[in-house]
Amino acid sequence: MVFCGSSSGSAFSSSGPCNLQAVSPGDSKSYVGGDGASARVSALCKRRRCGGGGVKQPLLSQTFVPANSSPKLSQGLLLKTPNGAPRGHRSTLSVRSEHDNKRVVCLGEMLIDFVPTVGGVSLAEAPAFKKAPGGAPANVAVGIARLGGNAAFVGKVGDDEFGYLLVDVLKENGVETKGCRFDANARTALAFVTLRHDGEREFMFYRNPSADMLFEIKELDTDLLREAGILHYGSISLITEPSCSTHLEAMRIAKEAGAVLSYDPNLRLPLWPSEKAAREGIKSIWDQADIIKVSDEEVKFLTGGDPTKDENNLTLFHPGCKLMLVTEGGEGCRYYTPKFRGRVDSLKVQVVDTTGAGDAFCAGILTQLAKDLSILENEGRLREALKFANACGAITTTERGAIPSLPDMDTVMRFISKVLA
């Protein structure tokens, strides 16, 4: 049975004042904001970029731009050349044509992350925050595009300035945006995230509800889903309706059209009604995925066992799975296929912020698989692809924010060459 969660009774209700929840592992305290006014951005933008009543039509699609000409970033915002094009360094590597590069369609949430300008402090202690575009599926889409891949995003944001900013960031990075929708009645989601001095991450989400939670089946771009070589998604859109049903329908359409399904649960426990609901929701679509990426902490949550033990991890490996990856933060990753299993060490860096590292890892491995799925049949080639993915994740931890720190192909190849020299 597929689980579609409900926010009823949780800290993120669909009506009433905006409820805030600051949660770190082992902390179950809730912090409720006053009348919700402080939780909202100033006011909904009145301008309309697209017609169509309350439901916005997709922005004009953008021709794929290889991400080896990826934009440089400063303070979480994109820098452009005088003519408005992204500025970056050209890769010395050959870039496959779009015809040779299967499209990876990323489905789910896109939001604004607010990251403290200094590290090692709690959210309450942070003197200021830098805004940065985020949301795991959007991060992966941008990561793929920056690496020269063919990426598209399907999801919904608010008809507000933050929503426009996020879609513009996708477009400026070469991500296809015709699957994006705007909601005039809900705001773009916000998240405050910090890595405290004790090493624990702390989150505070603003959703009341947010636009991504209201994504409807009728708003799906079915043609885009049928074009997907890989459909990548998380679990957050399973928490409430109508986004849950929309997520399941997108999976069905893509799978029937021959797409490979890629799943990164991306557990955010504060968003679920309970731990039980989170486990059931995450596991409800587990057996449909061809590729699964799960962190060691998520393995502990889902199994209660030790993620360093292969026998424990293999309890999550289902018969139809082509590849399961267990990431171990700065230690590397474990891989499991029907034919072989093993571990690939990480590449060491000076960590500044781990936000988005797992998404960069996903972008790295999916970029390789979109070019050639036969990698899954050759352990040596798979290990090389995972070394590349580990490098993508490591580089992302050297800057603050998720999307602002995602690397391009040149950066990754230079990094690997330097570390292995």
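**Cavities first**

Modeller: Starting with the second largest cavity, its lining is made of E109, L111, A189, F205, R207, D212, I236 and L271. A cavity here is a set of points on a 1 Å grid over the protein atoms alone where a 1.4 Å probe fits but cannot get out, and lining residues have an atom within 4 Å of a point. Before going on: this is a predicted model, where local features need pLDDT of at least 70 and side-chain atom pairs count only at pLDDT 80 or more, while totals for chains, interfaces and linings use all residues. Residues are numbered from 1 along each chain as its sequence is written, and side-chain values use heavy atoms, with hydrogens and water left out.

Biologist: How much space lies in that second largest cavity?
Modeller: About 40 Å³. A volume is the space filled by probe spheres set on the grid points, which are joined across faces, edges and corners.

Biologist: Which residues line the largest cavity?
Modeller: L107, G108, G155, K156, D212, F215, S237, S243, T246 and H247. Two elements give two or more residues to that lining, β9 (150-158) and α4 (243-256). The most comes from α4, with three residues. By type, the lining has two nonpolar, six polar and two charged residues.

Biologist: How do you number helices and strands?
Modeller: From the N terminus, as DSSP runs: helices are H or I with at least four residues, strands are E with at least two. The chain has 10 helices and 18 strands.

Biologist: Back to H247. Is H247 buried or exposed?
Modeller: Its relative accessibility is 1%, so H247 counts as buried. The cut-offs are under 20% relative accessible area for buried, over 50% for exposed and partly exposed in between, with a 1.4 Å probe and protein chains only. H247 sits in helix α4.

Biologist: What is H247 in contact with, leaving aside neighbours within four places in sequence?
Modeller: L107, Y233, G234, S237, L238 and I285. Contact means heavy atoms within 4.5 Å.

Biologist: Zooming out, what share of the chain is buried?
Modeller: Buried residues make up 57% of the 421 residues. Of the contacts with a separation of 6 or more, 71% are between residues 24 or more positions apart.

Biologist: Now α9. What covers its buried residues?
Modeller: The cover includes β16 (323-327), β17 (332-336), β18 (341-345), α8 (357-371) and α10 (409-420). Among the buried residues of α9 are L382, L386, F388 and I395.

Biologist: How far apart are the end C-alpha atoms of α9?
Modeller: They are 26 Å apart, which agrees with the 26 Å that the 18 residues of α9 (residues 379-396) should span at 1.5 Å a residue. The expected span is 1.5 Å times one less than the number of residues.

Biologist: Switching to the backbone. Where are the cis peptide bonds you flagged?
Modeller: One joins N208 and P209, with omega about -5 degrees. P209 is in the loop between β12 (201-206) and α3 (222-226). Another runs from E241 to P242, with omega near 10 degrees, and P242 lies in the loop between β13 (230-233) and α4.

Biologist: What is phi of N266?
Modeller: Near 50 degrees, a positive value in a residue other than glycine. N266 is in the loop between β14 (260-263) and α5 (275-284), and counts as buried because its relative accessibility is 11%.

Biologist: Last one: where does A128 lie?
Modeller: In the loop between β7 (111-116) and β8 (129-134). A128 is partly exposed, with a relative accessible area of 33%. Leaving aside neighbours within four places in sequence, its contacts are V115, P116 and T117.

Definitions and conventions. 1 Å grid on protein atoms, 1.4 Å probe; cavity = no way out; pocket = protein on both sides within 12 Å on 5 of 7 lines; lining within 4 Å. Nonpolar A, V, L, I, M, F, W, Y, C, P; charged D, E, K, R; others polar.
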